[in-house]
Amino acid sequence: FTIDEKVEILLSSDTPVGICKSIGLGLIGLGEAYDRLKPDIVLIMGDRFEAFAAASAALVLRIPIAHLYGGEATFGAMDEAIRHSITKMSHFHFTSTEKYRKRVIQLGENPERVFNVGAVGLDNIKRLKLLSKKALEKELNFKFNKHNLLVTFHPVTLENNTSKQQFRSLLNVLDTLKDTNIIFTYANADTHGRILNTMIEQYIDKRRHKSVAFSTMGQLKYLSTMQFVNAVVGNSSSAIVETPSFKIGTINIGDRQKGRIKPESVIDCQPKEGSIRKAFKEIYSKKFQENLKNVKSPFDRGVMASLKIKEIVKNISLDGVLKKEFYDICS
């Protein structure tokens, strides 16, 4: 793809005020970009503050919005409110499960404009030729051990100053695991994300023989890594959506993903050392490992979600879509 516009919105600060300012910069920059590009429709994915700025600017400029993925629930993050806000600003909706489709309709959206297409994140697993272990080790400059973990931990944005303590509990447990190498991906740009990234760097600095970290791995290396790890650990949505396709387990820590539909390969635990240790014991158990062979992803509809979305967007009519009516399921 040719990138026609790049909009800089992130500041050096990740405080709540800094995030507010980033949203403001996003509104300014994206509004100007839309005015120059004059798109017929804006396709927005997700539920983060950057997506909120993108939707808000399109709404004011009277540009129809197609949104991926509304109807989901994550009670532990501000993404929950942002996601539903974008749904109400949008005119067409693509959801990853039928339950999420029904929830978007419950929010007052016309069923004729809500489509259950599955998760786009699974398309790359089907489409890409993933790297071999030898090629991946060379790309990552990392040697796999007897046991290996992929760790991603993001701030819990609806809690005050808990992320550092929660992540410390995880790091303490990781230090007790034998014959285990660890691949970290850095935290996102949410409030206090930089604190977690500093903790990762400090951890690795003393354990370079068994750990490595990346700010971004790219889809090919990230998905290739999932082939060769025993589990994905943390509180990332990808550990719930993509990981089941590789028949490996997930340890989901804390409340960030609370409310999201989860396959049986996901073990929920509290962000405390005892609970995390118990989760590791379960994930390595013979019974759990046997059950992984039969795990099915609730987000996989057996088709390429991106192709379904493309065909729908190509054929939808934009006539009169800006004047939305509330679809009342109570009437």
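Five aromatic pairs were found in a search of the whole structure, which is a predicted model. A pair of aromatic rings is described by the distance of the centres and the angle of the planes. For F94 and F115, the ring centres lie 5.6 Å apart. The planes of these two rings meet at 25 degrees. The pair is therefore stacked, since planes under 30 degrees apart count as such.

The F94–F115 pair links distant parts of the chain. F94 sits in strand β3 (residues 92-95), and F115 sits in strand β4 (residues 114-116). The two residues are 21 residues apart. Their accessibilities were also computed. F94 has a relative accessibility of 0% and so counts as buried. F115 has a relative accessibility of 22% and so counts as partly exposed. The cut-off for burial is under 20%. Elsewhere, F142, F144 and F228 make up one aromatic cluster.

Helix packing was examined next. Two packed helices are described by the angle between their axes and the distance between the axes. Helix α7 (residues 163-174) packs with helix α8 (residues 193-205) at an angle of about 20 degrees. The axes of α7 and α8 are 10 Å apart. Angles under 35 degrees count as roughly parallel, so α7 is roughly parallel to α8. The crossing of these helices is right-handed. On the α7 side, the contact involves S163, K164, F167, R168, L171 and L174. These residues meet I195, L196, M199, I200 and Y203 of α8. By class, the contact of α7 with α8 comprises eight nonpolar residues, one polar residue and two charged residues.

A further packing involves helix α6 (residues 133-140) and helix α9 (residues 218-226). The angle between α6 and α9 is about 125 degrees. Their axes lie 10 Å apart. From α6, the residues in contact are L136, E139 and L140. From α9, they are K221, S224 and T225. The contact of α6 with α9 divides into two nonpolar, two polar and two charged residues.

Conventions: Residues numbered from 1 in each chain as written. Predicted model: local features only at pLDDT ≥ 70, side-chain atom pairs only at ≥ 80, totals over all residues. Heavy atoms only, no water. Axes fitted to C-alpha atoms, helices over the stretch in contact; angles between N-to-C directions. Helix = DSSP H or I, 4+ residues; strand = E, 2+ residues; numbered from the N terminus. Contact = heavy atoms within 4.5 Å. Nonpolar A, V, L, I, M, F, W, Y, C, P; charged D, E, K, R; others polar. Parallel < 35°, antiparallel > 145°, perpendicular 65-115°, else oblique. Left-handed = near helix turned anticlockwise from the far one by under 90°. Phe/Tyr/Trp six-rings, centres within 6.5 Å; stacked < 30°, edge-to-face > 60°. Buried < 20%, exposed > 50% of the residue type's maximum accessible area, 1.4 Å probe, protein only.
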